[in-house]
Amino acid sequence: MTSPYAFAHALCRAPGRSAVKGIRADGGPDPDFYGLVAEHEAYVATLRELGLSVEILEPLEDFPDALFTEDVALTFSDGAILLRPGAEARAGEVEHIRAPLAAHHKRVLEMTGPGFADGGDILRLADRVIIGLSARTDRAGAEELADLLADLGTRAEIAETPPGVLHFKTGCGLIDDRTILAVPALATCPQFKGLEVVRTPPGEEPAANILRVRDTVLVGDRWSATHAMLAARGIEVRPLPTDQIAHIDAGLSCMSLRW
Ligand code: CIR
């Protein structure tokens, strides 16, 4: 398997007006639409600056969460898999990503069910992927996905996501191909054995959803202790605003599919 972050392409979707009604677990206030757009634009600009070619799909007003393209598919340089998102309101997003993915990938595999899997639950490592079971990804979905990944030549392991954490990657992300940033509740995840696990600084658990892109790690701009910790490890850190997307339970990995 190739590097888990040597990306050349990304597929994003612009937020529609309806994005302010995106799903959130705690019933909190809507994000500000213009703030959300600005966060999305800053993210896309950063991916381009880091050398990726980024395609931006049209907004989908019928699907408030459709800007989170990560959840509906899984992409590699030599193939893609259409997933079955675990939130009913998001199931219809998959049809809208089919053609754009087929335009870029010769092989597009597809989950058929009955299980579910969200891309936010899939952590890609250098030698395998970890699929986290969560409220969105069930065992049947994880097992079907593991079979499809085997077809693409990729090994999968199934892990648990701590209760109350939306997605596996809400609680962890790659610093490099041997090092994971994780919230304390995920730090002892058995599937991380053999890797170095760095815990999020106290009070900065939401910083865990970092996104490594080539030589740079994107981090929410509010998490200064996390920036300092990564910088001290010699990592190139790029702080990005995430306050508005955080209102709808999202972070940095969610806003793109990458390969
Ligand atoms: C949802 O609940 O599906 C969206 N409001 C947030 C999706 C976040 N996606 C991710 O963590 N990969």
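1. Which of the 13 residues around the ligand come nearest? In this predicted model, they are Ile-23, Asp-65, Asp-71, Arg-136 and Ile-248. Sorted by class, the shell around the ligand consists of five nonpolar, two polar and six charged residues.

2. An N or O atom in the side chain of Glu-70 lies 2.9 Å from a nitrogen atom of the ligand, while a polar side-chain atom of Arg-90 is 2.9 Å from an oxygen atom of the ligand. For Arg-136, an N or O atom of the side chain is 2.8 Å from a ligand oxygen atom. The ligand taken alone exposes 350 Å², and the protein buries 99% of that area.

3. As to location, the ligand sits in the largest pocket. Cavities are a separate matter: the structure holds three of 30 Å³ or more, and the largest cavity contains about 300 Å³ of space.

4. The largest cavity is lined by 22 residues, of which Phe-7, Glu-70, Arg-124, Lys-169 and Arg-258 are the closest to its centre. The elements that give two or more residues to this lining are strand 3 (73-76), strand 6 (122-124), strand 9 (172-176), strand 12 (211-213) and strand 15 (257-258), and the largest share, four residues, comes from strand 3. By class, the lining of the largest cavity divides into twelve nonpolar, five polar and five charged residues.

Note on methods. Residues numbered from 1 in each chain as written. Predicted model: local features only at pLDDT ≥ 70, side-chain atom pairs only at ≥ 80, totals over all residues. Heavy atoms only, no water. Near = heavy atom within 4 Å. Polar contact = N/O pair within 3.5 Å; in protein donor to acceptor, adjacent residues only side chain to side chain. Areas by Shrake-Rupley, 256 points an atom, 1.4 Å probe, with all protein chains shown as cover. 1 Å grid on protein atoms, 1.4 Å probe; cavity = no way out; pocket = protein on both sides within 12 Å on 5 of 7 lines; lining within 4 Å. Sits in = over half its atoms within 2 Å of the grid points. Nonpolar A, V, L, I, M, F, W, Y, C, P; charged D, E, K, R; others polar. Points joined across faces, edges and corners; volume = space filled by probe spheres on them.
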